[in-house]
Amino acid sequence: MFEPRPKFAVLGAGSIGCHLGGSLAVAGADVTLIGRPAAMDVLREKGLTLSDSVRPPRYLPPDRLAVATTPDAAAEADYVLVTVKTAATEAAARELAAHLKPGAVVVSFQNGIHNPATLRAALPAARVLAGMVPYNVVQSEPGTVHQGMPGTLMVEDDPEAARLIRACTEAGLAIEARGDIAEVQHAKLLMNLNNAVNALSGLPLRAQLAQRSYRLCLAMCQQEALAAYRAAGIRPARLGPAPAWLTPYVLRLPDTLFRRVAASTLRIDAHARSSMWEDLQRGRPTEIDTLQGEIVVLAERHGLKAPANNRLVALVREAEGAEAGTGRSRTGLELLAELRRAARP
């Protein structure tokens, strides 16, 4: 029996949303991108270019893009991919609730731990699935989004995910279903603790991770997170070559040895940066509360402290208060000294 191809809407078509929706559209899927008016105006004028470090750039001209600025554009979608920032999730879900068609599947491809639960609470009639994007995507110029490293998308293992997985595979997006999606999300949070370090360094990711002083900052944050996880009975999934508990020790290795042991970690193109760096450059609020802030709250809930993570929250807040793109970058030694002072008894 013929099964019609699913229709997709991307709610929050920023860098990640344009990457996912654009990739599906290049492969011929019916996709509507829903985003901020200014961003959608750029797509209407210039179209959308998708770039990475492996393939030639792929271009969607304006006449091949369906763009909108309000959630009612998702009314015919079989799948709504939610990529808004965490702070906007609840409001976006409330607006979406009036327009979802019966049987629509909502998939959260967002940073943070709690977005799927927020969506489920606001959309009780919808099937909401958790997803995870393991790599960074930034806007390299207006109308162009760049994937800076390889990786496999992950989505909650559910029969309703089957058509999404098939469409992503056809579009060249590596994707797998995971039965341990909560553990995957907690492992991704450990990785994302580098977003703040990268944003404050002012460096591309590969250059930042190549410096031991910055890696020591990340190791401190991850050690605090792992202690909070143990207290909470959380066992993060293994996403890379090393289990989560071993990663801080690998990060502390001298530079030469780290380059040999963690070669796959450094398989990042020279221009890749974190989404938090992009937010600071554009004068937008960051997701620091759902990253380092999440660890601080979890630690305090179990009678622990997370001073390095807490200090990074304060430093990112300070950077948010600066004029867009003017915040002072910190060397690895400067940032490490800040975190070590915060961690002293």
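Reply: Glu176 is partly exposed, with a relative accessible area of 33%; here buried means under 20% relative accessible area, exposed means over 50%, and partly exposed lies in between, for a 1.4 Å probe and protein chains only. The model is a predicted one, in which local features need pLDDT of at least 70 and side-chain atom pairs count only at pLDDT 80 or more, while totals for chains, interfaces and linings use all residues. Residues are numbered from 1 along each chain as its sequence is written, and side-chain values use heavy atoms, with hydrogens and water left out.

Glu176 forms a salt bridge with Arg178, in which the closest N and O atoms are 3.9 Å apart, a salt bridge being a side-chain nitrogen of Lys or Arg within 4 Å of a carboxyl oxygen of Asp or Glu. Arg178 is buried, at 16% relative accessible area, and Arg178 also pairs with Asp180, where the closest N and O atoms are 2.9 Å apart. Asp180, at 24%, is partly exposed. Side chains of opposite charge can pair when their charged atoms come close.

A further salt bridge joins Arg282 to Glu278, with 3.4 Å from N to O; Arg282 is partly exposed at 40% relative accessibility, whereas Glu278 is buried at 4%. Elsewhere, Arg311, Glu318, Arg330 and Glu338 are linked in a network of salt bridges, and the whole structure holds 18 salt bridges.

About 60 Å³ of space lies in the largest cavity, where grid points are joined across faces, edges and corners and the volume is the space filled by probe spheres set on the points. Its lining consists of Gln110, Asn111, Gly112, Ile113, Gly131, Met132, Gln185, Lys188, Leu189 and Asn192. The elements that give two or more residues to this lining are β8 (127–132) and α6 (181–192), helices (H or I, at least four residues) and strands (E, at least two) being DSSP runs numbered from the N terminus. The largest share, 4 residues, comes from α6.

Definitions and conventions
On a 1 Å grid over the protein atoms alone, a cavity is a set of points where a 1.4 Å probe fits but cannot get out, and a pocket is an open set with protein on both sides within 12 Å along at least five of seven lines; lining residues have an atom within 4 Å of a point.
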